[in-house]
Amino acid sequence: MMQHNESEEHLLGCEDCQKRVPFEMPAALFEDCKYGRVVVFAGAGISTEGRGVFPSSFYEEIKEELDISEEIDFDNLMSKFVLRTKDKRALLNKIKNRIDYAKSFPELEHHATTFHKELSSIHQIQEIITTNWDDFFERECGATPIVTDKDFAYWDQPFRKVFKIHGSINNPGSIIATKEDYSTCYKELSKNVIGATLKQLLATKTIIFVGYSFRDTDFVKIYSYLQKNMGSVLPHAYFVSLNEPTNEDLKKFTPTIIKTDATHFLAVLKQKLIEEKQLVPDLIYELTYYNLLSLKDVHLKISEKDIKKDPALIYCLSYQDGLIHALERALQNKNTGEYSHLCKTGEKLKHYVKLRKAFLKRKRYLDVAYIDGYIVGLAQLIPESIEKQDKMPIYYVFGAGPIDSNAQFLKTRKLASKLHKAAFDVAKKMTEKYKRGIVLHHNTFLMDISETD
């Protein structure tokens with residue numbers, strides 16, 4: 001891969017670098033972000049309509065097809081298209097084809113989802129509201145979509161949600177695009193469950209608008225709606241954009257303007273959260289991935305050994321299963337931010353330490369070894385582990401615990417019967433049931449016991 005050249009000459013010519021305009025992070029906004037008191041309100045500028053994705057915007061594409069030269073609001077333009085074609089399905093197909101095209105080329109999809117990827121590991125941001133039709137927040141940020149009133153059974157659940165007030169490409173009938181759609185949408189927001197919930201959510205959160213311009217039809221309609229329906233209850237908002245507002249814009253809208261690129265804003269926010277030990281660096285996932293590959297290689301070699309001749313190996317295998325599962329789950333859930341939040345990882349560690357005591361009390365030694373592996377896996381996801389990731393203990397002998405090196409493992413295994421006689425006797429009985437070639441594997445469940453036992 002070609003390295004990103006950050007010479008002075010490069011910075012002057014690179015559009016991506018030029019978008020990273022330095023800014024001062026408002027202290028009040030950072031505090032709200034740190035404690036999960038923000039909601040991101042996202043427009044098309046952080047998705048397929050952002051610069052660098054398509055040569056022209058969807059708006060420009062429809063204007064050209066209809067041979068319209070004068071300026072016209074987005075919703076009126078979409079109405080004219082439907083009127084001309086006499087079939088709204090043609091418009092929906094164009095929307096779907098554009099999103100699908102972006103997804104079909106990794107380069108385009110990368111440009112369309114840079115904001116989403118940056119947001120994904122910021123666990124403190126759990127609520128997103130968007131007027132976008134695509135499913136990038138669901139795919140990249142692990143967000144549960146809230147599209148219709150029936151979906152609102154989930155709105156207060158403890159996982160990331162994206163409120164799709166203009167519908168979703170995965171539910172074509174919900175898409176809001178034409179002037180008639182907009183009119184219906186805002187009338188319904190004034191009286192339905194979605195509107196009531198959004199007002200309740202926004203009344204208690206700080207709003208960060210991204211992906212809009214001050215003259216964006218979506219932004220104008222949304223902000224006007226919020227001002228009309230929430231009045232003095234509407235909290236302070238921030239508007240992140242590279243576009244300069246005009247004096248007329250500033251007369252109509254009151255958000256604090258942060259002039260920078262939206263993805264860069266998130267990168268700066270993330271770095272501040274890392275510095276305050278609220279988040280772990282994204283680098284830890286890359287290190288976890290490579291450690292997992294090495295661990296699986298060792299695990300495979302040990303699983304090929306004759307466990308009847310060396311019963312203590314079953315605990316090492318179970319330990320490695322726990323370690324593998326912990327690392328795999330962290331990687332699988334990276335996009336939710338669950339494992340980027342230090343407090344969440346700390347809570348998980350405490351939970352498994354309690355479980356270990358309960359299983360040890362019941363003499364469930366194989367499960368204890370598995371839990372020990374899971375605990376070590378979770379411990380790799382804290383910042384202090386970044387420097388010592390290459391020393392992750394991947395071996396284990398019951399009674400001695402996790403072991404760093406193969407040499408120490410070989411030496412300690414010979415003492416297994418003395419280190420914990422009861423566990424070793426259980427291992428001997430278990431291995432009598434196995435034939436050569438059968439691989440012992442601990443599944444992802446810990447059954448029939450509670451941490452209070």
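Residues are numbered from 1 along each chain as its sequence is written, and side-chain values rest on heavy atoms, with hydrogens and water left out. Because the model is predicted, local features require pLDDT of at least 70 and side-chain atom pairs count only at pLDDT 80 or more, whereas totals for chains, interfaces and linings use all residues.

The protein chain comprises 21 helices and nine strands, the elements being DSSP runs numbered from the N terminus (helices H or I, at least four residues; strands E, at least two). Its C-alpha trace spans about 85 × 55 × 45 Å along the principal axes. Of the 453 residues in the chain, 51% are buried; here buried denotes under 20% relative accessible area, exposed over 50%, and partly exposed the range in between (1.4 Å probe, protein chains only). Contact is defined as heavy atoms within 4.5 Å. Among contacts between residues at least 6 apart in sequence, 70% join residues at least 24 apart.

In soluble globular proteins, nonpolar side chains tend to be buried together. A nonpolar core is taken as a set of buried Ala, Val, Leu, Ile, Met, Phe, Trp, Tyr and Cys residues joined through side-chain atoms within 4.5 Å. The largest such core in this model contains 50 residues, and those with the most contacts inside it are Leu-295, Ile-302, Tyr-315, Leu-323 and Phe-409. Two or more residues each are contributed to this core by helix 15 (283-303), helix 16 (313-332), helix 17 (342-361), helix 18 (365-379), strand 8 (395-397) and helix 21 (421-431). Helix 16 gives the most, with 11 residues. When residues up to four places away in sequence are not counted, Leu-295 touches Gln-320, Leu-323, Ile-324, Leu-327, Met-392 and Ile-394. A second, separate core of 49 residues includes Phe-152, Ile-176, Tyr-182 and Ala-237.

Rolling a probe the size of a water molecule over the atoms shows where empty space is left. A cavity is, on a 1 Å grid over the protein atoms alone, a set of points where a 1.4 Å probe fits but cannot get out, and lining residues have an atom within 4 Å of a point. Grid points are joined across faces, edges and corners, and a volume is the space filled by probe spheres set on the points. Two cavities of 30 Å³ or more are present. Residue classes were assigned with Ala, Val, Leu, Ile, Met, Phe, Trp, Tyr, Cys and Pro as nonpolar, Asp, Glu, Lys and Arg as charged, and the others, Gly among them, as polar. By this scheme the lining of the largest cavity has nine nonpolar, no polar and no charged residues. The second largest cavity, with a volume of about 40 Å³, is lined by Ala-312, Tyr-315, Val-397, Phe-398, Ala-416, His-420, Ala-423 and Phe-424. Its lining divides into seven nonpolar, one polar and no charged residues.

The structure holds zero disulfides, a disulfide being a pair of cysteine sulfur atoms within 2.5 Å. For Cys-33, the nearest cysteine sulfur, that of Cys-141, is 15 Å away. Cys-33 is buried, at 1% relative accessible area, and Cys-316 is likewise buried, at 0%.

Asp-75 lies in helix 5 (residues 74-85) and is buried, with a relative accessible area of 2%. Beyond its neighbours within four places in sequence, Asp-75 contacts Ala-177, Thr-178, Lys-179, Tyr-182, Thr-217 and Lys-221. Lys-344, in helix 17, is partly exposed at 32% relative accessible area; with neighbours within four places set aside, Lys-344 is in contact with His-123 and Glu-338.

Most residues other than glycine have a negative phi. Asp-67, in the loop between helix 4 (58-66) and helix 5, has a positive phi near 55° and is exposed, with a relative accessible area of 70%. Lys-363, in the loop between helix 17 and helix 18, has a positive phi of about 60° and is exposed at 58% relative accessibility.

How values were computed
1 Å grid on protein atoms, 1.4 Å probe; cavity = no way out; pocket = protein on both sides within 12 Å on 5 of 7 lines; lining within 4 Å.
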